[in-house]
Amino acid sequence: MNEIKTIGIVGAGAMGRGIAQIAAQAGLEVLLFDVNAQAVAAARENLQQMWSKLAGKGKISDELAAASLERVTPCSQLQDMSRADLVVEAIVERLDVKRELFQQLEAIVAPSCILASNTSSLSITAIAAGCKQPGRVAGYHFFNPVPLMKVVEIIDGLRTEPEVGDALMTLARRMGHTPVRAKDMPGFIVNHAGRGMNIEGLRLAQEAVAPFYQVDAIMREQAGFRMGPFELLDLTALDVSHPVMESIYHQFYDEPRFRPSPITAVRFAGGLLGRKTGEGFYRYPEGKQQVPQ
Ligand code: NAI
């Protein structure tokens with residue numbers, strides 16, 4: 001397989017930006033597209049600020065900061081992905097939308113281009129099912145925030161060619177990440193194993209055993225997690241994590257262990273999504289977390 005030099009990223013939200021950051025820092029050319037042109041502009045601005053902050057703190061050189069920004073090309077149409085060696089999709093978590101995007105991409109990119117999805121919960125085999133070359137489709141599941149969370153899951157769908165996953169493993173290492181290979185099962189590894197803490201945390205709150213911030217505190221301070229389940233839900237945002245919880249539950253044929261909670265359903269419906277909306281389980285005035293009393 002040819003070396004991946006140019007990466008296309010579709011979806012310039014939290015995950016797309018993070019992937020753009022580590023790719024550009026590793027020397028790849030980055031083509032960044034989003035249906036919302038403002039998201040692309042905001043992502044570029046955000047990357048610029050991030051690199052200048054990192055350079056200011058001496059974490060990267062001024063030259064690397066400038067060169068990384070130079071390597072990011074904002075794109076105004078999907079067609080601009082035509083010269084990518086790999087396209088990573090980080091759009092809305094919906095199978096129908098992802099499938100349609102992959103079909104559109106196949107008509108644009110070269111036959112050798114790898115198509116990868118950052119999906120948290122959807123089946124890679126199902127996303128690839130609508131493609132003419134399903135062998136080039138794989139999962140590339142990064143975690144939020146991408147530059148700090150150094151693990152990436154590489155998911156082989158039932159039709160994925162082994163060399164495709166191998167190429168993604170090599171690229172992950174080049175970007176400073178540790179790749180882990182997983183089979184195409186709902187939730188893969190992390191979102192399957194992580195269900196336990198999330199769902200039991202929600203049950204504790206629902207059954208009023210303890211308020212959510214105490215559950216967070218105990219998981220952080222006593223169980224050694226970097227964040228408690230509610231802090232993590234706020235970081236991920238409920239428009240991403242609630243559908244993921246529903247998707248994993250249904251894919252396991254309504255297995256009670258994975259049953260989502262009405263607590264997140266009502267907050268998702270009401271737009272209390274987390275940090276991105278300034279209000280989730282916690283409030284975030286000027287980006288600072290506050291515990292509701
Ligand atoms: P986000 O909501 O921050 O960004 C998604 C972006 O995709 C938006 O800017 C939106 O305008 C754009 N978009 C939607 N439909 C599109 C389309 N058809 N074509 C082009 N752009 C489109 O979402 P986030 O958090 O970046 O998540 C994206 C994907 O990554 C989802 O599949 C999610 O499950 C997955 N993911 C999210 C994680 C998280 O913690 N937020 C962690 C790991 C994976």
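**Entry 1, F142.** I started with one residue of this predicted model. Setting aside neighbours within four places in sequence, I found F142 in contact with M15, G18, I19, N118 and V152. I then looked up where F142 sits: it is in the loop between β6 (137–141) and β7 (151–156). Is F142 buried or exposed? I counted 24 other C-beta atoms within 10 Å of F142, so it is buried; the cut-off for that is 20 or more. I also checked one pair from the contact list. F142 and M15 are 127 residues apart along the chain, yet 7.6 Å separate their C-alpha atoms.

Next I stepped back. I listed 12 helices and eight strands in the protein chain. Its radius of gyration is 19 Å, and the globule rule gives 19 Å for 293 residues, so the chain is as compact as a globular protein of that length. Along the principal axes, the C-alpha atoms fill a box of roughly 55 × 50 × 30 Å. I noted that 43% of the 293 residues are buried. I also looked at contacts between residues at least 6 apart in sequence. Of these, 62% join residues at least 24 apart.

How is the chain divided? The domain assignment gives domain 1 (6–183) and domain 2 (194–287). I found 26 Å between their centres, taken over C-alpha atoms. Five residues of domain 1 are in contact with seven residues of domain 2. I sorted the domain 1 side of this contact by class: one residue is nonpolar, three are polar and one is charged.

I looked up what surrounds the ligand. The shell has 28 residues, and the closest are G11, G13, M15, I91 and N144. The largest share, three residues, is from α1. By class I noted 16 nonpolar, 10 polar and two charged residues. Where does the ligand lie relative to the domains? Both domain 1 and domain 2 give residues to the shell, so the ligand lies between them. M15 turns up here again, among the closest residues to the ligand and as a contact of F142.

I recalled a general point: nonpolar side chains tend to be buried together in soluble globular proteins. Then I looked up the largest nonpolar core, which has 56 residues. I9, I19, A20, V30, L32, V87 and A138 touch the most other members. Helix α1 gives the largest share of this core, seven residues. Apart from this core lies another, of 20 residues, including M219, Y249, F258 and Y282. I went back to V87 for its contacts. Not counting residues up to four places away in sequence, V87 touches G8, V10, M81, L105, V109, C113, L115 and A116.

Last, I checked α10 (residues 229–236). Seven of its eight residues are buried, so this helix is largely enclosed by the rest of the structure. Which ones are buried? I wrote down P229, F230, E231, L232, L233, D234 and T236. These buried residues pack against α8 (195–206), α9 (212–221), α11 and α12 (262–270). Just after α10, I noted that A237 takes a positive phi of about 90°.

Terms used. Residues are numbered from 1 along each chain as its sequence is written. This is a predicted model: local features need pLDDT of at least 70, side-chain atom pairs count only at pLDDT 80 or more; totals for chains, interfaces and linings use all residues. Domain bounds come from an automatic or database domain assignment. Two residues are in contact if their C-beta atoms, placed from the backbone, lie within 7 Å. Ala, Val, Leu, Ile, Met, Phe, Trp, Tyr, Cys and Pro count as nonpolar, Asp, Glu, Lys and Arg as charged, and the others, Gly among them, as polar. A residue is near a molecule or strand if its C-beta atom, placed from the backbone, lies within 6 Å of it. Helices (H or I, at least four residues) and strands (E, at least two) are DSSP runs, numbered from the N terminus. The radius of gyration is taken over C-alpha atoms; the globule rule is 2.2 Å times the number of residues to the power 0.38. A residue is buried if 20 or more other C-beta atoms lie within 10 Å of its own, exposed if 12 or fewer, and partly exposed in between; C-beta atoms are placed from the backbone. A nonpolar core is a set of buried Ala, Val, Leu, Ile, Met, Phe, Trp, Tyr and Cys residues joined through C-beta atoms within 7 Å.
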